[in-house]
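Subject: Structure handover

Hello,

Here is the structure you are taking over. My notes on what was found in it come after the model.

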Amino acid sequence: MSVDYKSTVFLPRTAFPMKAGLPKREPEILDRWEKLDLYHRQRDAAHGREKFILHDGPPYANGHLHIGHALNKILKDVISRSQQMLGKDANYVPGWDCHGLPIEWKIEEKYRAKGKNKDEVPIARFRRECREFASKWIDVQREEFKRLGVIGDWDRPYSTMSHDAEAQIVRELGKFLMNGGLYKGSKPVLWSVVERTALADAEVEYHDYRSTTIFVRFPVKTTGVSALDGASVLIWTTTPWTIPGNRAVAYGDDVDYAVVHVTELGEPALARVGERLVVAESLISQVAAAGGFTGHEVVARLKGRELAGTICRHPLHAQGYDFDVPMLAADFVDVETGSGFVHIAPGHGADDWELGVKNGVPVPDTVGPDGAFFDSVPLFAGCWVLTEDGKTGNANGAVVEALREAGALLATCPLVHSYPHSWRSKAPLIFRNTPQWFISMETNQLRAAALTAIDNTRFVPASGQKRLRGMIETRPDWCVSRQRAWGVPITVFVNKSTGEPLRDESVFQRVVDAVEAEGADAWFTSPPERFLAPDYDPADFDQVTDIIEVWFDSGSTHAFVLETRDDLQWPASLYLEGSDQHRGWFHSSLLESCGTRGRAPYDAVLTHGFVMAEDGQKMSKSLGNIVSPQDVMKAHGADILRLWVVGSDYSEDLRIGPEILKQHADIYRRLRNTLRFLLGNLNGFDSRERVSNDQMPELERWVLHRVWELDRHLRGACDRLEFHALFAELHNFCAVDLSAFYFDVRKDSLYCDEMMSPRRRAVRTVLDILFDHLTAWLAPFICFTAEEAWLFRHPGDDESVHLRLFPNVPDDWRDDALADNWERLRDVRRVVTGALERKRADKTIGSSLQAAPIAYVDERWTGVLSAISLADLADVCITSAIDVQPLDATGAADLFSLSEVPGVAVQFTTATGEKCERCWKVLDDVGDSPTHPGVCRRCADAVDRHLAAAE
C-alpha cells in the first residue's frame with residue numbers, strides 16, 4: 001500500500017499571517033474596539049476593584065503630535081493597561097491644556113498679517129477664536145492618540161477651557177485669595193518684549209547670545225577703610241542697559257579683595273595712571289588685561305566683610321543719578337570671572353531684587369513693557385533695550401557711551417553666552433520690574449507643606465525627588481499673573497483707596513457662578529456691578545484684567561478632574577510626564593494642591609527623558625532628522641512605536657531613527673513568529689488533550705518554571721513602573737528559550753508523534769498555556785498584535801484580550817532544581833551544536849539528524865546527564881542518536897569544546913541506519929514495519945493510527 005507520509009504529519013496550520021501589515025490591520029482593530037465599546041466594557045468589568053488612576057498631564061492643543069507625545073502617551077497606556085490586567089480599575093481620562101500664549105500667538109499672527117493689532121479686536125471675539133482653534137486641535141490630536149492604541153475616555157476628556165474647569169480654576173485661585181496667600185507685588189520677572197507678557201520658567205529656553213560686557217568704576221563716597229578713600233569699586237556686567245537701574249553693589253564676605261594702584265598703561269587703555277581700583281585679588285590679571293594697564297601695585301588687601309558700610313556714587317551721579325549706592329554682602333558673589341563685585345539693579349534680577357528688599361533698597365521702574373526706557377529715566381528716555389521684534393535695541397550703546405563720557409568706563413568687549421529666550425517667539429528676554437500677582441511660598445507655610453509632600457511621594461526614578469525638592473527649597477514666590485487675553489482671568493477686585501484685593505466670599509461666589517454658566521468670558525464681558533452690587537460701589541474698585549498663568553490652570557486639573565468624577569479618585573496614583581515637568585506640571589500641581597489641600601495630588605511621580613535622533617543629536621528641521629509618529633505608523637504600524645517605548649530605558653533620553661526602528665521591527669517579527677508558531681501548532685487543540693503537570697516530561701515542566709519566573713518578573717515590573725528589562729526578558733524568552741530551543745526540540749514530537757501520544761499532548765498543553773500567557777503579557781505592549789492573535793483562537797464578537805487579566809500562575813510550577821538541571825543540559829547542547837555546526841560548515845553533513853555525536857564529560861556533568869535518557873538527550877540536541885562517555889576515557893582526536901562550558905567535549909560521528917521518510921531521523925529500526933518499510937517504528941505506529949482514524 002502506497003502512503004503519502006506528508007499527509008500523516010501534523011504540520012502547523014494557521015491563517016495568522018507571517019507578514020503583519022500593521023498599517024492596514026491596526027485601524028481595523030480600532031474600529032472593532034469602537035463597535036465593542038471596549039473602554040466601557042473594561043470599566044464595567046473593573047467596577048468595585050481597587051482603583052489605579054494615572055492622571056493625564058494635559059498636552060497643549062495646538063498642532064499635530066510629535067514623537068515626544070507618542071512616547072508619553074504610549075507609556076501612560078502601557079501602565080494603565082498593565083494595571084487593569086493586574087486586576088485593578090485603571091481608568092484613564094485624557095485631557096488638554098487649552099489656554100495661554102501659543103494659541104494666543106497663533107490668533108495674533110493672523111491679525112498681524114492683516115495689519116491689525118490684537119488690542120483692536122474685541123476681547124470676546126479674540127477669545128472665541130482662541131477657543132475654536134483649541135477645539136479644532138483637540139479633535140485632531142484625539143484621533144492621533146487613538147491611532148497609537150491609547151485607550152481612555154475619549155468621549156469625555158477634560159479640557160482646561162470647559163466652563164466647569166474654568167470655574168474650578170477660579171475657585172482654586174479664590175482659596176489663595178481668601179487665605180491671604182495671593183498678593184499683588186512688584187518684582188522683576190522674565191519678560192518677553194515681543195509677546196508683551198511675563199513668562200514662567202517652563203516657558204523659557206536658553207540659547208547662545210552675543211552680549212556687550214563692561215567694567216565700570218563706582219567711586220567710593222564714604223568708607224571706614226582708609227585705603228578706599230579716593231578709590232573706585234570696579235563692577236562687571238553683561239547687561240549695560242541695567243546700569244540706569246543700579247542701586248547697590250554686592251560683595252562676598254569671604255572674598256579676598258585688593259586695592260590696585262595703576263602705574264603703567266598699554267595701548268589702547270581706558271585705565272588711568274595713578275587711579276586706584278578695588279577688585280578681587282584673584283582677578284587682577286584679568287582686569288588689567290581688559291583695562292589695558294601693564295603696570296600696577298597692590299597697595300592694600302582686605303576681606304569682603306570689611307567693606308560693610310561703604311557707600312559709592314553711581315557712575316553717572318552728576319547726570320540725574322545723584323543717590324547713594326550702598327555696598328551689600330551677598331552669598332551669590334563669585335570670583336570665576338569679572339571683578340568680584342556685582343552691580344545690583346533690583347528691578348532687573350531675582351537675586352538683585354531679594355538683596356535690595358532685604359536691605360531696604362528702592363526698586364525703580366526703568367523699562368516699559370515695550371522694551372523702552374520710561375520717560376522718567378535720565379539720559380536714556382525712549383532708548384530700546386529690545387525692539388518689538390526682539391532685536392537688540394540702542395540702549396546698550398547709549399549707556400556705554402554715557403559711561404565713557406563720564407569717565408566711568410574701564411573696558412568693554414563682546415561675549416557669547418547662554419541667555420534666556422522665549423520658547424515660542426525665540427526672542428531674547430529681559431528681567432524687568434512689573435506689578436504682578438503672586439502666591440506666597442511662606443504665607444500658610446506653603447513651602448514647608450510642599451517639602452513634606454515631596455518626602456511622602458514615590459519618585460521613579462528616585463533622583464526626581466531630589467531635583468524637585470531642590471527647586472521648591474530655593475524658588476521665589478509664585479508669579480501667577482500674565483498680561484494676556486486667552487486664559488482664566490484673575491477674578492479679583494482691588495480697592496482703589498487701599499490697594500488691597502477684595503476678599504468677600506459672596507462676591508467671589510457670584511463670579512464663580514457666572515464662569516460656570518458662561519465660561520471665563522463672563523469676567524471680561526460683564527459690568528463690575530454684576531459681581532459687586534449691591535454690597536459695594538464699583539467706582540471704588542479696579543477690576544483686574546490679567547489672566548492666570550497656564551501652569552496654575554494645569555496645576556488645578558486634579559481639582560476639576562479627580563475630585564469631580566465618581567469613576568476616578570483623589571489623589572492620583574501616578575503623575576507621569578517628561579523630566580522637564582519637575583519645574584512644570586509636577587511643580588505647579590504640588591504647590592496648588594499643598595496650598596489648598598495640604599498634600600500632593602499624587603502618590604507617585606514618574607519622569608521620562610526626551611527623544612533624540614539616533615545619533616544623539618537634538619531633532620530639528622534643519623538637520624532633517626525629525627521622526628514623526630505619523631510617518632512611523634504609516635511605514636511600520638503603531639505596535640513598532642510601542643515596542644520602541646517599552647524596549648527603551650525611558651528614565652534617560654531615548655533615541656529613535658531608521659536603524660533603531662528597523663531593530664525593533666526585527667524584534668517584533670520574532671515575537672509575531674512566536675505567536676504564529678503557537679497558533680499553527682494549536683490548530684484543533686481540544687481541552688481534552690490537556691495533561692496535568694505531574695504527567696509532563698521534564699522539559700515541559702521546565703517551560704512552566706520559566707512561565708512562573710516571567711510572571712514574577714512581570715508583576716515586579718508593573719509595580720516598579722520599569723518595563724525595559726521585562727521587555728528584554730520577554731523577547732529573550734520568545735526568541736531564545738522558545739523559538740531557538742523548546743520549539744526547535746519539540747517540532748519532531750508535534751509533527752511526528754502519534755496524535756494523542758502522552759508526549760505530544762504534554763507539548764500541546766504547554767503551548768496552550770504559553771499562548772494564554774504570552775497574549776496577556778504582550779497585550780499592554782503590542783496591543784494590536786496581541787488582540788489579533790487572541791481573536792484567531794477566540795473569534796467571538798464579544799472577545800478581546802484586553803478584557804482579560806494576567807493569568808494567575810500556580811506556585812507549584814516553580815522548580816528551581818529542575819531549572820538548574822536544564823540550564824546545564826542546555827550548556828551541553830551548546831557544545832554539541834557547536835560541533836555539528838562545524839561539520840555543517842565543511843559540508844560533512846547537511847542536517848543535524850545525520851549525526852550521532854559522542855559527548856565526553858567529566859564528573860561535574862555525570863549527575864545531570866544520568867537523569868536523562870540518551871533518546872531524550874538526542875531529541876534535545878536534535879540528533880538521531882547520542883552517546884555519553886567519561887572524558888578521561890577518550891583518546892579521540894578532533895574533539896570540539898567551548899571554554900565557557902568546561903568538562904564537556906564532543907566527537908562527531910555519523911548516525912547509522914536508514915533515513916526515515918516521515919521524520920527524517922537516521923535510525924536502525926527503519927524498515928522494521930512490513931507495511932511501512934520506509935519509516936521508523938514510531939512513525940509506522942503513528943501512520944497506522946492515523947489511517948485507522950481516517951477509516
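Tyr39, Gln42, Arg43, Ser80, Arg81, Gln84, Ala90, Tyr92, Ile151 and Gly152 line the largest cavity. Two elements each give two or more residues to this lining, namely helix H2 (38–46) and helix H3 (67–85).

Before the rest, some ground rules. The model is predicted, so local features need pLDDT of at least 70 and side-chain atom pairs count only at pLDDT 80 or more, while totals for chains, interfaces and linings use all residues. Residues are numbered from 1 along each chain as its sequence is written, and side-chain values use heavy atoms, with hydrogens and water left out. Helices (H or I, at least four residues) and strands (E, at least two) are DSSP runs, numbered from the N terminus.

Cavities

A cavity is a set of points, on a 1 Å grid over the protein atoms alone, where a 1.4 Å probe fits but cannot get out; lining residues have an atom within 4 Å of a point. Grid points are joined across faces, edges and corners, and a volume is the space filled by probe spheres set on the points. The search of the whole structure gives five cavities of 30 Å³ or more.

Around it are Leu177, Met178, Thr491, Val492, Phe493, Leu502, Asp504, Val507 and Phe508. Helix H6 (163–178) and helix H12 (505–518) are the elements that give two or more residues to this lining. By class, the second largest cavity is lined by seven nonpolar, one polar and one charged residues.

Salt bridges

A salt bridge is a side-chain nitrogen of Lys or Arg within 4 Å of a carboxyl oxygen of Asp or Glu. How many salt bridges does a search of the whole structure find? The count is 84. For the pairs below I also give burial: buried means under 20% relative accessible area, exposed over 50%, and partly exposed in between (1.4 Å probe, protein chains only).

- Arg530 and Glu518 meet through their side chains at 2.5 Å, N to O. Arg530 lies in helix H14 (residues 529–532) and Glu518 in helix H12, so the pair ties together parts that are twelve residues apart in sequence. Arg530 is partly exposed at 35%, and Glu518 is partly exposed at 37%.
- Glu442 and Arg447 form a salt bridge of 2.7 Å, N to O. Glu442 is partly exposed, with 48% relative accessibility, whereas Arg447 is buried at 14%.
- Arg826 pairs with Glu823, with 3.8 Å between the closest N and O atoms. Both lie in helix H25 (residues 816–841), three residues apart, which is about one turn of the helix. An α-helix has 3.6 residues a turn, so residues three or four places apart point the same way. Arg826 is buried at 14%, while Glu823 is partly exposed at 39%.

Arg826 and Glu823 also belong to a network of salt bridges with Arg706, Glu709, Glu729 and Asp737.

Strands

Two strands pair if DSSP finds at least two bridges between them. Two bridges join E5 to strand E4 (residues 182–192) in the antiparallel sense, and Ser192 stands opposite Thr197 in E5.

Elsewhere, strand E27 (residues 854–857) and strand E29 run antiparallel and are joined by four bridges. Ala855 stands opposite Val906 in E29. In a regular strand the side chains alternate between the two faces of the sheet. In E29 (residues 904–907), Val904 and Val906 point one way and Ala905 and Gln907 the other way, and all are buried.

A covered helix

Is helix H19 (residues 638–646) mostly covered or mostly exposed? H19 is mostly covered, with nine of its nine residues buried. Among them are Asp639, Arg642 and Trp644.

Regards

Key
1 Å grid on protein atoms, 1.4 Å probe; cavity = no way out; pocket = protein on both sides within 12 Å on 5 of 7 lines; lining within 4 Å. Nonpolar A, V, L, I, M, F, W, Y, C, P; charged D, E, K, R; others polar.
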